[in-house]
Amino acid sequence: MTLVFDHLRKQYGSNVAIDDVSVTFEPGLIHGIIGPNGAGKSTLINMTAGSYTVSAGRIVLDGKQVSGLKKHEIANSGIARTYQNIRLFDQMTALENLEVCFYPEDAGRSVKEVLWPPYARARSKERRRICMEKLAFFDLQGWRDEDAGNLPYGRQRMLEIARALVRDPRVLLLDEPAAGLNHLETAELTAKLSALKAPDRIMIIVEHDMDLVMTLCDRIVVMHHGKLLFQGTPAEVQASADVQHAYLGTANDIDEIKSAAEDRRLKLGLRAHRGAS
Ligand SMILES: Nc1ncnc2c1ncn2[C@@H]1O[C@H](COP(=O)(O)OP(=O)(O)O)[C@@H](O)[C@H]1O
Ligand SMILES: [Mg+2]
């Protein structure tokens, strides 16, 4: 199973936001997408999740074209995402925010649930179990009956990721999950995301926090003005003169980022970056 961007293009009027981008994302790895503001990172996420249409090219998951499908069909094919700006249902509880995720999937099966109450009860019990498991994974059990809008900001970020996981997606797209988090929360997030890595899951993280990206990601795609500037391992990205010039800044910055990432890896007990596994 791979997720493939095949000569992707996105145009907003005359503004070319994504220009002929081809990338293959492999399962079992955490892929980072970095690049300055306006580079097209969110556009890539939005096209993959079906929020935006593609102007040209294709997105293919496991050999099947998903670009062109409707948003709920893309969700049903196993692609889930979080948003750069949190989009929870503020007036619903933490638990309800997770439980609503099941409805699109079940839309076509409701007849069976209506005609056979035990089936409906079993289904709803199973859903509850899955949602509680996701809340527990993010240490959110204590917030389950609280309106999402009342959760502290950091908990809302975690709840968004929990929600994306409810249907056990094959592809998890995270758009700036660490935005607005403090150091402690970012370390917590890093550890959780690392634990979500699985052989049959493709994880793609758009992130500005270079420390987190270099710590967590196995592969990094660097975007610049809508074009794919570079792709490689964190070490390769850090060593690339093009990337340094276009994005990361001076050589001093790079050394600082490297040593900060190394410190954090040690602190979290994470293994060093591996090759394809
Ligand atoms: N909905 C939209 N309508 C028009 N232009 C957009 C829209 N979304 C993004 N853009 C433009 O596309 C380019 C890439 O934006 P975006 O994907 O949000 O970048 P990033 O996430 O890397 O900051 C920018 O020039 C931005 O102004
Ligand atoms: Mg963005």
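How far does a polar side-chain atom of T43 lie from an oxygen atom of ligand 1? The separation is 2.5 Å.

## Basis of the model

This is a predicted model, in which local features need pLDDT of at least 70 and side-chain atom pairs count only at pLDDT 80 or more, while totals for chains, interfaces and linings use all residues. Residues are numbered from 1 along each chain as its sequence is written, chains are lettered from A and ligands numbered from 1 in the order in which they are written, and side-chain values use heavy atoms, with hydrogens and water left out.

## The ligand shell

The residues around ligand 1 are Y12, N15, A17, P36, N37, G38, A39, G40, K41, S42, T43 and Y52; a residue is near a molecule if one of its heavy atoms lies within 4 Å of it. By class, this shell comprises 5 nonpolar, 6 polar and 1 charged. Here Ala, Val, Leu, Ile, Met, Phe, Trp, Tyr, Cys and Pro count as nonpolar, Asp, Glu, Lys and Arg as charged, and the others, Gly among them, as polar.

Two further side chains make polar contacts (N or O atoms within 3.5 Å). An N or O atom in the side chain of N15 is 3.2 Å from an oxygen atom of ligand 1, and one in the side chain of Y52 is 3.3 Å from a nitrogen atom of the ligand. Of the 560 Å² of accessible area that ligand 1 has on its own, the protein covers 64% (Shrake-Rupley method, 1.4 Å probe). Strand β2 (15-25) and helix α1 (41-48) each give two or more residues to the shell, and α1 gives the most, with 3 residues. Helices (H or I, at least four residues) and strands (E, at least two) are DSSP runs, numbered from the N terminus.

## Salt bridges

The structure holds 14 salt bridges, each a side-chain nitrogen of Lys or Arg within 4 Å of a carboxyl oxygen of Asp or Glu. One of them joins E188 and R155 at 2.9 Å, N to O. E188 lies in helix α8 (residues 183-196) and R155 in helix α7 (residues 153-165), so the pair ties together parts that are 33 residues apart in sequence. E188 is partly exposed at 22% relative accessible area, whereas R155, at 13%, is buried; buried means under 20%, exposed over 50%, and partly exposed in between (1.4 Å probe, protein chains only).

Within helix α6 (residues 117-137), E126 and R129 lie 3 residues apart, about one turn of the helix. Their closest N and O atoms are 3.0 Å apart. E126 is partly exposed at 36%, as is R129 at 44%.

Conventions. Polar contact = N/O pair within 3.5 Å; in protein donor to acceptor, adjacent residues only side chain to side chain.
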